[in-house]
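The sequence and the model are shown first.

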Amino acid sequence: MTFKDKIIQSGSGPLQAAGIEILQVNLGYKCNMTCKHCHVQAGPGRDEMMAENNVDALLDALTGTGIGCLDITGGAPELNPHFRRLVRKAREAGLTVIVRSNLTIYYEPGMEGLFDFYRDHGVEIIASLPHYREAVVDRVRGADVFRKSLSALLLLNSLGYGANGSSLRLNLVYNPQGAFLPPSQAALEEEYKKELSARYGISFNSLYTFINMPIGRFKEFLDRSGNYEKYMEKLKNSFNAGTVCGLMCRRLINVGWDGMLYDCDFNQMAGLAVLPDYPRHIGEFDYSLLGERKIAVDDHCFGCTAGQGST
């Protein structure tokens, strides 16, 4: 049974947007890292990067709408030369700005003042940390990544991020290290907070658990290991109709590095743009039309509705 059929059978579909609260933008696929679970397939050799004209169109799209949050991702979004201007302009317009950072970007040339910039502009940070153990993190993300990540987290803590009573939010992301579903988010958050505090004196606000989507590098791993069909079956059998009302695609729209519009970041990686009945480029952005759009789906969407779903 396809995801589209399953949604209809469950009485939850077809999926339709319920407004746009978040504009999520991928500034490019270039990254200083090559993580094994990366659905974007980002890395140092990628040259896709959002150009200035599309950044300008993005800022225009945010003017006079009910969108309250700009969610910036990549690759490593900080590598885009227009990144800081985008953050400044969005904050000046009163938007919440979230940056999805790999933490190690801080140690790249020219990034020495990055975390001070984040603090000065009240940027919320969502950082990937697959585990609180060094061996697990370095196996997934590369040698010496855990050490750099811890150093970055401690520096962010020293700037006020993740501290009790601080408005500077620091959130972490957990991805499973294989073809299985994540455990309870609440229980894992408690475990992370206990272990990171006891071992390293690190504090943070929230932990988000994401299911590994069967696209990008993770799909390549599933294909190589002969586990693709088994994993898809696991996702389908774990379908939870209770997750549908909270799916991010219902209150978010995603902008690719080339300005194309998608219902979510995963659809972008699958090459599944918004349906042709709606504007499909940021230069044609129409809040009223896109805020009520029907959502394009495919079977990778089972990843967002399995178990407790992806946050």
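## Cysteines

C304 has a relative accessible area of 11% and is therefore buried. The model described here is a predicted one. The cysteine sulfur closest to that of C304 belongs to C264, at 6.1 Å, which is too far for a bond. C31 is also in the buried class, with a relative accessible area of 9%. For C31 the closest cysteine sulfur is that of C35, and the distance of 6.4 Å is again too far for a bond. A disulfide would need the two sulfur atoms within 2.5 Å. The count of disulfides in the structure is zero.

In what order do the eight strands of the open sheet lie? The order is 6-5-4-3-2-1-7-8, and the pairing is mixed. The edges are taken by strand 6 and strand 8 (261–262); each has a single partner strand, so one side of each has no neighbour in the sheet.

Strand 1 (22–26) and strand 2 (69–73) run parallel and are joined by five bridges. One of the bridge pairs links N26 to T73 in strand 2. Of the five residues of strand 1, four are buried, and the strand is mostly covered.

Strand 7 covers residues 252–255 and pairs with strand 8 in the antiparallel sense, over two bridges. V255 has L261 of strand 8 as its bridge partner.

## Helix 3 and its surroundings

Which residues of helix 3 (residues 83–92) are buried? They are F83, L86, V87 and A90. Viewed down the helix axis, these buried residues fall within an arc of 100 degrees, so they line one face of helix 3. An α-helix has 3.6 residues a turn, so residues three or four places apart point the same way.

The cover over the buried residues of helix 3 includes strand 1, strand 2 and strand 3 (96–101), together with helix 2 (52–61) and helix 4 (114–120). On the helix 2 side the meeting residues are E52, V55, D56, L58 and L59, and on the helix 3 side they are R85, L86, K89 and A90.

## Helix 5 and helix 6

Helix 5 (residues 134–141) packs on helix 6 (residues 145–158) at an angle of about 110 degrees, with the axes 8 Å apart. This makes the two helices roughly perpendicular. E134, V137, D138 and R141 of helix 5 meet V145, F146 and S149 of helix 6. D144 sits in the loop between these two helices.

## Backbone in and around the loops

Most residues other than glycine have a negative phi, and most peptide bonds are trans.

| Residue | Phi |
|---|---|
| G94 | about 90 degrees |
| L103 | about 70 degrees |
| D144 | near 75 degrees |

L103, which is not a glycine, belongs to the loop between strand 3 and helix 4. Is L103 buried or exposed? With 0% relative accessibility, L103 counts as buried. D144, also a residue other than glycine, has 33% relative accessibility and so counts as partly exposed.

The peptide bond from G74 to G75 is cis, and its omega is near 20 degrees. G75 lies in the loop between strand 2 and helix 3.

## G201

The loop between helix 7 (185–200) and strand 6 (206–209) contains G201. With a relative accessibility of 51%, G201 counts as exposed, since the cut-off for that class is over 50%. Leaving aside neighbours within four places in sequence, the contacts of G201 are L154, N157 and L196. G201 and F285 are 84 residues apart along the chain, and 45 Å separates their C-alpha atoms.

Terms used: Residues are numbered from 1 along each chain as its sequence is written. This is a predicted model: local features need pLDDT of at least 70, side-chain atom pairs count only at pLDDT 80 or more; totals for chains, interfaces and linings use all residues. Side-chain values use heavy atoms; hydrogens and water are left out. Buried means under 20% relative accessible area, exposed over 50%, partly exposed in between (1.4 Å probe, protein chains only). Contact means heavy atoms within 4.5 Å. The arc is that of the directions from the helix axis to the C-beta atoms. Two strands pair if DSSP finds at least two bridges between them. Axes are lines fitted to C-alpha atoms, for helices over the stretch in contact, and angles run from 0 to 180 degrees between N-to-C directions. Angles under 35 degrees count as roughly parallel, over 145 as roughly antiparallel, 65 to 115 as roughly perpendicular and the rest as oblique.
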